[in-house]
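Let's take a friendly walk through this model, from helix packing to the ligand shell.

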Amino acid sequence: MTAAQPSAAAAADLAEAAFAHCVFPLTAADDVRRDGPAIYVHGEGVRLTDAAGRAFIDMMSAHTRANALGYGNREIAAAVGEQLATLHYIGTAANLAPPTIRLAAKIAELTPTPLSKVLFVNDGSEAVESAFKLARQYHVHTGKPRANKIISRWNAYHGATMGALSATDWLDTRHIAEPGVPGHSLIPGPSRYRNPFGMEDEAYGEFCATYLEREIQHQGPDYVAAFIAEPVMQANGVQTPPDGYFERVREICDRYGVLLIVDEVITGFGRTGAWFASDHWDIQPDLMTMAKALTAGYVPMGAVAARAEIVDALPVFRHVHTFSGHAGAAAAANTVIAIMERGALIARSRELGAYMLDALTEAVGTHPIVGQVRGIGMWLAVDFTADRATRAPFEDDTVAAVVRRMHELGVLASPIGTAFEMAPPLISEKTDLDFAVEIAARAIDEVARERHLV
Ligand SMILES: Cc1ncc(COP(=O)(O)O)c(C=O)c1O
């Protein structure tokens, strides 16, 4: 038992207090009643211990994929502590502390070339909101004063605040929030393995790019401020775009004076084996959003990187958050980036991710209930099917049951629509990944047999 380990009685009290007082976002009340809240008390590296003393390896980087450097990193904790003791917070607007300025310069260096100005916020949703406002205010000052519309994609996830949510189509959050912010429309985006039109992946990618052009024409180019896209869509698990898709998107946006916002909130800072997923396809965004692994989850922070001409066009950017650019969060981010550079963790993500993808494909790729295994860097998905010929998804809870079984066997993964995903911390060892693959294969086969699917 570690110092943080509660007694059985204290653990039961914690669970009771959680039921009584905590709201569980995005979690069905029945599921919490059945499984209990997941209360973890200690983490070290990729290992977690829950309140009952059970050990897990966390292949989700803390559920949200933010915890890219694992648990218990004392270097980050010390950097934050030192900054808090030196100057924890000095307001916002034009008030800045040195770590915040250094971080802006570093982000400008790491992001694709045209992005050289950085706006700080507190999370991914605020980054998306801020990118929309930068885009809209830019057009007001550069000849498209009525450009307020934002185009996003079916199944996109861009956040929970009203603007970001209006560009979102995933996690069943849209309908309950409608009517959302006016001016948003959604179009198809490329996906792997299956799509609503039954097209081949490459042809569907072409179709989706053409659809963007049609949508801009339909909305009226003078009214469209921006198109936003995740470079690798999370819905139904790690949807890499076909080659050429973003090239066409860039051309179309340029043709109609529409800004391209690339949402790198999940993919930024090494998740896909590059600093940013944009690097894989040489996407040159106008605005890029980031959060999560920026601070590896140690302190909340988000940011928008922008082309200088967008920011420079505004006499004043009319938008602010109290804690933008918080010095303690900037100290965390600077340390995270230094650790990633020192440990060559981006290359490690690329190499270990390829290793795990091979191992996972080998272990489960031909299983009768597995449709496709895919991934990029340290982000992998197993997409399931009830019928390999038609690629029909399971309509019941088979995917969730596989993830529950993995949890029982000591590995944390997440169901995501028709698939489950794993997003291991970039510091994982090969032995951790081997164990996760072994448990995934065992869980898939056990659940399939119990349900008479094989
Ligand atoms: C691509 C993307 N954009 C935006 C967000 C919103 O970020 P946050 O939850 O930090 O507000 C998320 C969150 O998962 C995301 O995955």
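In which hand does α5 pass α12? The crossing is left-handed, meaning that the near helix is turned anticlockwise from the far one by less than a right angle.

## About the model

This is a predicted model, where local features need pLDDT of at least 70, side-chain atom pairs count only at pLDDT 80 or more, and totals for chains, interfaces and linings use all residues. Residues are numbered from 1 along each chain as its sequence is written.

## Helices α5 and α12

Helix α5 (residues 98-110) and helix α12 (residues 327-342) have axes that come within 8 Å and cross at roughly 40 degrees. Helices here are DSSP runs (H or I, at least four residues), numbered from the N terminus. Axes are lines fitted to C-alpha atoms over the stretch in contact, with angles from 0 to 180 degrees between N-to-C directions. The pair is therefore oblique; angles under 35 degrees count as roughly parallel, over 145 as roughly antiparallel, 65 to 115 as roughly perpendicular and the rest as oblique.

On the α5 side, the contact (C-beta atoms, placed from the backbone, within 7 Å) uses Pro99, Thr100, Arg102, Leu103 and Lys106. Residues from α12 include Ala327, Ala330 and Ile337.

## Helices α9 and α10

Helix α9 (residues 201-219) packs on helix α10 (residues 245-256) at about 10 degrees, with the axes 9 Å apart. That makes α9 roughly parallel to α10. Among the contact residues are Leu212 and Ile216 of α9 and Val249 and Ile252 of α10.

## Around the ligand

The ligand is surrounded by 15 residues (C-beta atom, placed from the backbone, within 6 Å), and Asp123, Gly124, Ser125, Gly159 and Val265 are the closest. Helix α6 (residues 124-141) gives the largest share of this shell, three residues.

Technical notes: Helices (H or I, at least four residues) and strands (E, at least two) are DSSP runs, numbered from the N terminus. Two residues are in contact if their C-beta atoms, placed from the backbone, lie within 7 Å.
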